[in-house]
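Here is a friendly briefing to read with the structure open beside you. It goes topic by topic, from the surface to the inside and on to the charged pairs.

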Amino acid sequence: MIKVEPETKKDFIHFICKGPVTHKDYQKVVIPTVEKKVLKSSKLRVLCDMREIGPIQLSALWDDFKLGMHHIKSFERFATVGDQWWMGPLMKISGLIYRIKVKHFKSHELDAAVKWVHKRC
């Protein structure tokens, strides 16, 4: 399940992932949220809290890749938070593919992740 925290900044999205992440989550939550925010801001800052994430459907990973490629120039900073071993390497690869600033934070570093994602270049 993915939910969006209500935020007031037009260029910021805060996703929270709990339990399994599905294609339906992307179709009903992630894609519409990004599409709506892109209309308000040319460069988005995203924080993805994955501390309680479960299994991720392959179709959801494919949705993520397609969304990133479609909006490749729409992201300025992207941070993940969680302790899964694969998050750090995945973020490094994502940064190379999408050519944006990405950073992974451990679960106890949520406040640092929030500060980093809001940092202006």
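Helix 2 (58–70) and helix 3 (87–98) each supply at least two residues of a nonpolar patch, which lies on the surface of this predicted model. Helix 2 gives the most to the patch, with three residues.

**The nonpolar surface patch**

- The members of the patch are Trp62, Phe65, Met69, Ile93 and Ile97, and together they have about 480 Å² of accessible area.
- Isoleucine 93 is a residue of helix 3. Its relative accessibility is 46%, so isoleucine 93 counts as partly exposed, since that value falls between the 20% limit for buried and the 50% limit for exposed.
- Phenylalanine 65 is also in the patch, and with a relative accessible area of 34% this phenylalanine is partly exposed.

**Aromatic pairs**

- A pair of aromatic rings is described by two values, the distance of the centres and the angle of the planes.
- How are the rings of tryptophan 62 and phenylalanine 65 arranged, stacked or tilted? Their centres are 5.6 Å apart and their planes stand at 25°, so this pair is stacked; the cut-off for stacking is under 30 degrees.
- Both partners of that pair, tryptophan 62 and phenylalanine 65, lie in helix 2, three residues apart, which is about one turn of the helix.
- The rings of phenylalanine 105 and tryptophan 116 have their centres 6.2 Å apart and their planes at 55°, so this pair is tilted.
- Phenylalanine 105 belongs to strand 5 (residues 101–105) and tryptophan 116 to helix 4 (residues 110–118), so their pairing ties together parts that are eleven residues apart in sequence.
- Phenylalanine 105 and tryptophan 116 are both buried.

**Nonpolar cores**

- The largest nonpolar core has 20 residues, and the ones that touch the most other members are Ile2, Phe15, Cys17, Val21, Val30 and Val34.
- Which elements give two or more residues to this core? They are strand 2 (12–21), helix 1 (23–40), strand 3 (44–56), helix 2 and helix 3.
- Strand 3 provides the largest share of this core, five residues.
- A second, separate core has nine residues, including Phe12, Leu47, Phe105 and Trp116.
- Phenylalanine 15 is worth a look in your viewer. Leaving aside neighbours within four places in sequence, the residues in contact with phenylalanine 15 include Ile2, Val4, Val29, Val30, Val34, Val46, Leu47 and Cys48. Lys3, Thr33 and Asp49 are also among its contacts.

**Salt bridges**

- Side chains of opposite charge can pair when their charged atoms come close.
- Glutamate 5 forms a salt bridge with lysine 3, and their closest N and O atoms are 3.6 Å apart. Glutamate 5 has 25% relative accessibility and so counts as partly exposed. Lysine 3, at 37%, likewise counts as partly exposed.
- Arginine 51 bridges to aspartate 49, with the closest N and O atoms 2.7 Å apart. Arginine 51 is partly exposed, with a relative accessible area of 37%, whereas aspartate 49 counts as buried at 5% relative accessibility.
- Arginine 45 forms a salt bridge with glutamate 76, where the closest N and O atoms are 3.1 Å apart. This pair links distant parts of the chain, since arginine 45 sits in strand 3 and glutamate 76 in strand 4 (residues 75–81), 31 residues apart.
- Is arginine 45 buried or exposed? With 0% relative accessibility, arginine 45 counts as buried.

**A backbone angle to check**

- Where is arginine 99 placed? This arginine is in the loop between helix 3 and strand 5.
- Phi of arginine 99 is near 55°, a positive value in a residue other than glycine.
- Arginine 99 has a relative accessible area of 74%, so this residue is exposed.

How values were computed. Residues numbered from 1 in each chain as written. Predicted model: local features only at pLDDT ≥ 70, side-chain atom pairs only at ≥ 80, totals over all residues. Heavy atoms only, no water. Patch = residues over 30% accessible without salt bridge, like charges linked within 9 Å, V, L, I, M, F, W, Y side chains within 5 Å. Areas by Shrake-Rupley, 256 points an atom, 1.4 Å probe, with all protein chains shown as cover. Salt bridge = Lys/Arg side-chain N within 4 Å of Asp/Glu carboxyl O. Helix = DSSP H or I, 4+ residues; strand = E, 2+ residues; numbered from the N terminus. Buried < 20%, exposed > 50% of the residue type's maximum accessible area, 1.4 Å probe, protein only. Core = buried A, V, L, I, M, F, W, Y, C linked by side-chain atoms within 4.5 Å. Contact = heavy atoms within 4.5 Å. Phe/Tyr/Trp six-rings, centres within 6.5 Å; stacked < 30°, edge-to-face > 60°.
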